[in-house]
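Visitor: Could you walk me through a few local features of this model? I'd like to start with a turn.

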Amino acid sequence: METLATSRCSVFCGPNDEWRWNFGQVREPHIVLGNGRSCLCSYDGRTALFAGPYRISRPRSMRVQAGWLFKGNNDKGSELDASCEHSEIANEDILMFFFELDLATRVQYALNLEQYEIAQQLRNKLTEVEAEVIKLQESRRGSASKSEAQDMAISILRLRADLQNAIESENYGLAAELRDEISKLEAKSLTASVKAQAYESAQYAFRLGQKVTHKIFGYRAVICGMDPVCCESKSWMDGANVGKLTHGPDQPFYQVLVDLNEDPNLLVAYVPEENLLAPGKKDTDRFDHPYASFLFYGMDSAGDFIPIKQLREKYNQPRHELPYDPLDEEDGKDA
């Protein structure tokens, strides 16, 4: 038995409020994952997300290590190691995606068992999670920027009409204020339009499920998400020295799962495109990560992972088809 203690606990899935909000002790845990702000706990066929600070106590025979400390040196002259690209936002984005899938599955399961009251409770929670996911995607993927730019364009037209009226009435003080406000809005509108355009015309060098190697830190990883520009906070970018990159923040950034065999403390990283390298040959070596089983179907014959349909739809990415190789058929492999 183990106890999960939280100072603020919010759980996204469950058939009733009792186990949604009042977790105490849970039996037979299957896996516990977290990053300091959220915790993924799967046990006895149920899975829950704890949001907020938490403490995990485990049996003495087991050991838990937390990492992402700033240390070491790299060849760019900074005092940062691979942990500088760790992203809590990316990790939480993946966990939210998992619970959206999990809730949809639970709704269908409850309907199959004719447990309609439980199904309705789960569906209500699923609606809440879907609304939050859409909001996060819009803010990260440019939809919000496009809408914001359109709203500001309308505001600018109204201000221009007010400016013309102020000039005609010779109210030059008000006209000067309106002119300054128009200039500020035009600058903001241009920034929002550029960001929205970047998302619509983004070109990625890597694809979902593709195995990559970090050019600087050398670890193996797999692509599980992508943004056309850096969507992290300014403080994160300062900590990761994004400003010193050749292309800065205005290049694709990727959510990557890091192979636990190479770095057991770096679960999810947010990496600029210029720091990633595709393997020169097939990489069919073992790759271990607790998120891989729900984001991917498995590996193809080239050693890359096959993303599930929902993940491809999330990032509007096409299905990757391997070219036919008759040698695979001769060897009895699935091409």
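Guide: S12 and S13 make a hairpin with five residues between them, and glycine 303 in the turn has a positive phi of about 95°. Strands here are DSSP runs of E with at least two residues, helices are H or I runs of at least four, and both are numbered from the N terminus. This is a predicted model, in which local features need pLDDT of at least 70, side-chain atom pairs count only at pLDDT 80 or more, and totals for chains, interfaces and linings use all residues. Residues are numbered from 1 along each chain as its sequence is written, and side-chain values use heavy atoms, leaving out hydrogens and water.

Visitor: In which sense do S12 and S13 pair?

Guide: Strand S12 (residues 296-299) and strand S13 (residues 305-307) pair in the antiparallel sense over two bridges, pairing being assigned if DSSP finds at least two bridges between two strands. Phenylalanine 296 stands opposite proline 307 in S13.

Visitor: New topic: where is asparagine 275?

Guide: Asparagine 275 lies in the loop between strand S10 (268-272) and strand S11 (276-277).

Visitor: Why does asparagine 275 count as buried?

Guide: Because its relative accessibility is 5%, where buried means under 20% relative accessible area, exposed over 50% and partly exposed in between (1.4 Å probe, protein chains only).

Visitor: And which strand order does the open sheet of five strands have?

Guide: The order is S10-S9-S8-S7-S11, with antiparallel pairing. S10 and S11 are the edge strands, each pairing on one side only. Strand S7 (residues 211-214) is joined to S11 by two bridges, running antiparallel, and histidine 214 stands opposite leucine 276 in S11.
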